[in-house]
Amino acid sequence: MVRYLTYLAAIAVGIHGVIHFLGIVVYFELIEIADLPYKTTLLGGAVDVGDAGIRVFAVLTAVAGVGFVASAVALVTDWRYWRELLLAVTVFSLVLTTLDWTVASAGVLANLAILAGLFVIPRL
């Protein structure tokens, strides 16, 4: 049963990571997504980072995405430091999703759920 839950958690973390890649395709203007419009502002429109700034932000979100996918693999393969990796990438992602709150509020909630899970679930 524990192994099943491990795989389920890894799938959820991996999906969260893949969702992070939406920033690249939208903020590099590769595709248009109605619920994730291209913009150059963060913090609810309070800070205009420009075209270059939003692309740097998109790359950072992709880095977080890679971190989540790596964390999912680390969890499944029972890598010794999977918790530390997942904790670090989740905090990083929480900062990014908070900066882009207007379109990433669900990401904030997902990050908080992951953090809660890391602190509530006993060490395996």
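Partly exposed means a relative accessible area between the limits for buried, under 20%, and exposed, over 50%. The structure shown in these views is a predicted model.

**View 1. The aromatic pair of Trp79 and Tyr81.** Tryptophan 79 has a relative accessibility of 43% and so counts as partly exposed. Tyrosine 81 is also partly exposed, at 39%. The ring centres of tryptophan 79 and tyrosine 81 are 5.6 Å apart. Their planes stand at 75°, so the pair is edge-to-face.

**View 2. The aromatic cluster of Tyr27, Tyr38 and Phe57.** These three residues are joined into a cluster by ring pairs. The structure holds three aromatic pairs. Phe57 also belongs to the contact of H3 with H4.

**View 3. Packing of helices H3 and H4.** Helix H3 covers residues 50–76, and helix H4 covers residues 82–99. Their axes lie 9 Å apart at an angle of about 150°. An angle over 145 degrees counts as roughly antiparallel, and H3 and H4 are therefore roughly antiparallel to each other. The crossing of H3 past H4 is left-handed. On the H3 side the contact includes Phe57, Leu60, Val63, Gly67 and Ala74. From H4, residues including Trp82, Leu85, Val89, Phe92 and Leu96 take part. By class, the residues of this contact of H3 with H4 are 15 nonpolar and five polar, with no charged residue.

**View 4. Packing of helices H1 and H3.** Helix H1 spans residues 2–20. The axes of H1 and H3 come within 7 Å and cross at roughly 165°, which makes H1 roughly antiparallel to H3. H1 passes H3 in a left-handed crossing. H1 contributes residues including Arg3, Tyr7, Val13, His16 and His20 to the contact. Among the H3 residues in this contact are Ala62, Gly65, Phe68, Val69 and Val76. The contact of H1 with H3 is made up of 12 nonpolar, eight polar and one charged residue.

View 5. Leucine 75 is found in helix H3. It has a relative accessible area of 9% and is buried, the cut-off being under 20%. Leaving aside neighbours within four places in sequence, leucine 75 is in contact with Arg3, Thr6, Ala9, Ala10 and Trp82. Leu75 is one of the H3 residues in the contact with H4, and is also listed in the contact of H1 with H3. Leucine 86 lies 11 residues from leucine 75 in sequence, and their C-alpha atoms are 8.9 Å apart.

Technical notes
Residues numbered from 1 in each chain as written. Predicted model: local features only at pLDDT ≥ 70, side-chain atom pairs only at ≥ 80, totals over all residues. Heavy atoms only, no water. Axes fitted to C-alpha atoms, helices over the stretch in contact; angles between N-to-C directions. Helix = DSSP H or I, 4+ residues; strand = E, 2+ residues; numbered from the N terminus. Parallel < 35°, antiparallel > 145°, perpendicular 65-115°, else oblique. Left-handed = near helix turned anticlockwise from the far one by under 90°. Contact = heavy atoms within 4.5 Å. Nonpolar A, V, L, I, M, F, W, Y, C, P; charged D, E, K, R; others polar. Phe/Tyr/Trp six-rings, centres within 6.5 Å; stacked < 30°, edge-to-face > 60°. Buried < 20%, exposed > 50% of the residue type's maximum accessible area, 1.4 Å probe, protein only.
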